[in-house]
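Trainee: I'd like a close look at one strand and its partners. Please then move on to the charged pairs.

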Amino acid sequence: MANSVSIGRDASNDICLSEAFLSSKHAEITLEDPTSLKFRLRDLGSTNGTFLNGKRITEAEFELSDTIMLANRRLAVDEFLPKLLGSVTRSSKTAAASRSKPQSFRLLLLIGAVLAGLASAGLLLLSGQQINGQAISGQNLILASLGIAVLSTGIMVVGDNLRRTFVRARAERQYLDLRLRALADEIEQKTQRKTKQTEHNKGWEGFRKFQLARRTDEANGITSFYLVPHDGKALAPYAPGQYLTLRLQIPGQPKPVVRCYSLSDCFRDGHYRISVKRARGSKPGEPDGLVSGYLHEQAQVGELLDVKAPSGSFHLDESSSRPVVLLAGGVGITPMLAMFNSVLASGRRREVKLFYAARAADEFVRISELAEADLHSDHISVHFFCSSPDEQGRLPRQSVQFERLSVEQLKKILPSNNYEFYLCGPGPFMSALVGDLRSWGVPDGDIHFEAFGPSTVATKPAAGAAEPVATAAVTVTFARSKKTMRWSASDGSLLEACERNGIALDSGCRAGNCGTCQVALVSGKVSYSSQHDVTPESGSCLACIATPDSDITVDA
């Protein structure tokens, strides 16, 4: 007899789950055969779907080792199996509450009557016979036959109960084995993550010599550079999404130039990979990007570069098992490739949905590789968006939607907003998506992004940072240069204000991540417009994301 449990948001279900994206009556699980532990999963017409091992199903058989997702909610074995086993136990005791007692009683009477009848037949055959010289009494035969009937019936009932107890014990043993294996895997993963995180934090101090081992053109204006340690020693692992800081000696420049570039692959022994877009001047007469231009045009295989250890607070949370949405615009695909590939390489069945937008067909990086992963991984899906309809003949229609990527498009594809969102891309792309995700109700804690500079996205103040108090113009004094300037909120960061007023300050990442712009703060206080990965020395500030709270003096 099959035993079932219903699952949904409504309290009348056997298993009530409170998530808003679940349907009132979402799904049903049936234990069809307790002996062979055959289970069946059935969707009850839910809005956001029921998934078995990443595939949406209407009805399917499954095993305890399979993965069940109700929309974005993973259903654990220990949430439904105890209830099913409980129903098996109740069946073994009462054979289902509504009819077990009368049916069991009638069954006992029937079996007893049959056995009594057989015994009575034996009575007729044995009546009058003698054993050891004594006649067999009919009354004794009747009593003996009734005793046999009752004893036989009792043995059958006890045997049935023992069989059901055995079935339950077998199911519980398999369940406990699965739980023990899952617990062991979880402990091992946590240990590996802890070890990996410790290694992440080790890295190395200062800059280390790396050799440019290989370069590969990925797309129009985007090239990947493969870097290997010149000393031949091991590489420090990194979290997917982190970046490298490069210090380059560029001909014609009076001092080394520092820039940060995202690592564009998951960690692999032997090399690091960065993918760099050639920055072009946005206005006539505006110079192209200094460092990206050098890497694209002059950097040769075999050249030595100064590289800092991987760092950065923008990276995939590898300890989480929640489903992930990766949103990439243009060259913002670089840290997303590291995150995407790390999930594939880990072997974990974590759900990942990648949304990748570019303006033209030749601007997509590794589109065939991503499409192949989408085809062969049931927990991975990739969605391409090309904003130019004229490109329709150059890209496979089934893989690309020829429109801009927006939260409205996400709503058509995602069953809910219950994901961890990671974003990277140019200013307008980031500003629109971050704002619309918040409007959709996605908590700030689930929105993680890396901007191409401190002004790219309107962010909330860094945790623990004071709100800027300067609302009118304040004076910024440069002690060594013997210059002063008036700063107001429209001037942006301290670094941007200096550049507009012809005051030179070193800079690198322009996002508070490399520390190149650190300058001593002689007097006054500043606030930071965003989180930063570098902690400035005591009495100093990061000019690229700092804004004055009042009159300040800096040692520059």
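In which sense do strands β24 and β25 pair, and over how many bridges?

Mentor: They pair in the antiparallel sense, over five bridges. Two strands pair if DSSP finds at least two bridges between them. Strands are DSSP runs of E with at least two residues, helices are runs of H or I with at least four, and both are numbered from the N terminus. First, the ground rules. This is a predicted model, with residues numbered from 1 along each chain as its sequence is written; local features need pLDDT of at least 70, and side-chain atom pairs count only at pLDDT 80 or more. Totals for chains, interfaces and linings use all residues, while side-chain values use heavy atoms, without hydrogens and water.

Now the strand. β24 covers residues 474-478, and β25 covers residues 483-487. Across the pair, V476 has M485 as its bridge partner. Four residues lie between the strands of this hairpin, and K482 takes a positive phi near 55°. β24 also joins strand β30 (residues 552-554), here in parallel, through three bridges. β24 is mostly covered, with four of its five residues buried. Buried means under 20% relative accessible area, exposed over 50%, and partly exposed in between (1.4 Å probe, protein chains only).

On to the charged pairs. The whole structure holds 23 salt bridges, each a side-chain nitrogen of Lys or Arg within 4 Å of a carboxyl oxygen of Asp or Glu. Take D506 and K255, whose side chains meet at 3.4 Å, N to O. D506 sits in the loop between α9 and β26 (518-523), and K255 in the loop between β14 (243-248) and β15 (257-262), so the pair ties together parts 251 residues apart in sequence. Both ends are partly exposed: D506 at 39% relative accessibility, K255 at 42%.

D265 and R268 form another salt bridge, at 2.6 Å, N to O. Here D265 is buried at 7% relative accessibility, whereas R268 is partly exposed at 36%.

E28 and R42 also form a salt bridge, at 2.8 Å, N to O. E28 belongs to strand β3 (residues 27-33) and R42 to strand β4 (residues 38-43), 14 residues apart. R42 is partly exposed, at 32% relative accessible area. Finally, a network of salt bridges links E32, K38, R40, E59 and E61.
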